[in-house]
Amino acid sequence: MNHLVAPSILAADFANLQRDIELINKSEADWLHVDIMDGLFVPNISFGFPVIKAIKKYADKPLDVHLMIIDPDRYLKDFKEAGAAVITVHLEACPNLHRTIQHIKELGCKAGVALNPHSPVALLEDIVADLDLVLIMSVNPGFGGQRFIEQTYKKLNDINTFKKQLNPNLLIEVDGGVDIGNATKLINSGANVLVAGSSVFASINPTQAITNLKNAK
Ligand code: DX5
Ligand code: ZN
């Protein structure tokens, strides 16, 4: 399949959220990536349900919700009701990950698991067949605008091996420090969803930046 591009709203201008969502609506973006941070799992707080609902009101693209929160089971239904199409939880935040994934699927959402940079892909071996998506963090979660971690390419190769053996339809998302300079290598390493925050919204032409990521091969 051709890769998807998911601009991260975390890097948008929060005082002009409607304007930036409409920019994404008119662009070649496939999804809108929404980062939720609780100040516990990661050392930062982003935003909650009122803001997600406001985003959903204007967004034409599916909301790809990345939960950087502990014990996400408490809120899965609320994220669905706020408009999530994809819900991704962190392996490191879920002691009963299999149950959490079943819960997300029962809600009618695509279910994803995210891995922090220090977590080996091997930890997913017994759950990968149940997933719609794996998100490989290419920075430590919590902030936009950080430097890409080179070890990510090896992890993408590892998850791509599991995909071939266990789940050919798996989506492999990469998140953090993605830009036009590394997009081709990421795609060639197996990534098929590119999340991009600052490389889109800090660009002088965000629409063109999205097109460039979409055209990378
Ligand atoms: C980081 C978030 C990312 C972030 C990416 O914790 O998960 O989605 O918005 O931002 P950039 O592309 O600027 O690294
Ligand atoms: Zn994210």
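Let me start at the ligand, with Asp175: one of its polar side-chain atoms lies 2.7 Å from an oxygen atom of ligand 1. That is a polar contact, meaning a pair of N or O atoms within 3.5 Å; within protein, one must be able to donate a hydrogen and the other to accept it, and residues adjacent in sequence count only if both atoms are side-chain atoms.

Before going on, the conditions. This is a predicted model, in which local features need pLDDT of at least 70 and side-chain atom pairs count only at pLDDT 80 or more, while totals for chains, interfaces and linings use all residues. Residues are numbered from 1 along each chain as its sequence is written, chains are lettered from A and ligands numbered from 1 in the order in which they are written, and side-chain values use heavy atoms, with hydrogens and water left out.

Back to the ligand. Ser8 also supplies a polar side-chain atom, 2.8 Å from an oxygen atom of ligand 1. With Gly197 the backbone takes part: a polar backbone atom there is 2.8 Å from a ligand oxygen. Of the 380 Å² of accessible area that ligand 1 has on its own, the protein covers 99%. Those areas come from the Shrake-Rupley method with a 1.4 Å probe; for residues, only the protein chains shown count as cover.

Where does ligand 1 sit? It sits in the largest pocket. A pocket here is found on a 1 Å grid over the protein atoms alone, as an open set of points with protein on both sides within 12 Å along at least five of seven lines; lining residues have an atom within 4 Å of a point. A molecule sits in one if more than half of its atoms lie within 2 Å of its grid points.

Now the shell. There are 20 residues around ligand 1, and Asp35, Gly142, Asp175, Gly197 and Ser198 come nearest; a residue counts as near if one of its heavy atoms lies within 4 Å. By type, the shell divides into 8 nonpolar, 10 polar and 2 charged residues. Ala, Val, Leu, Ile, Met, Phe, Trp, Tyr, Cys and Pro count as nonpolar, Asp, Glu, Lys and Arg as charged, and the others, Gly among them, as polar.

Which element gives the most to that shell? Strand β2 does, with 3 residues. The elements giving two or more are β2 (32-37), β3 (63-68) and β8 (193-196). Helices (H or I, at least four residues) and strands (E, at least two) are DSSP runs, numbered from the N terminus.

Next, some individual residues. Asp20 belongs to helix α1, residues 17-26. It counts as buried because its relative accessibility is 5%; buried means under 20%, exposed over 50%, and partly exposed in between, with a 1.4 Å probe and protein chains only. The Asp20 side chain reaches the backbone nitrogen of Asp13 at 2.8 Å.

Met137 is in strand β6, residues 133-137, and is buried at 4%. Its C-alpha atom is 6.8 Å from that of Ala114, 23 residues away along the chain.

Phe162, in helix α5 (residues 152-166), is buried too, at 10%. Between Phe162 and Ser138 there are 19 Å in space, C-alpha to C-alpha, and 24 residues in sequence.

Ser199, in helix α7 (residues 198-201), is at 26%, and its C-alpha lies 5.5 Å from that of Asp179, 20 residues apart along the chain. Asn140, in the loop between β6 and α5, is at 45%; its C-alpha is 8.0 Å from that of Gly176, 36 residues apart along the chain.

Most residues other than glycine have a negative phi.

Note on methods: 1 Å grid on protein atoms, 1.4 Å probe; cavity = no way out; pocket = protein on both sides within 12 Å on 5 of 7 lines; lining within 4 Å.
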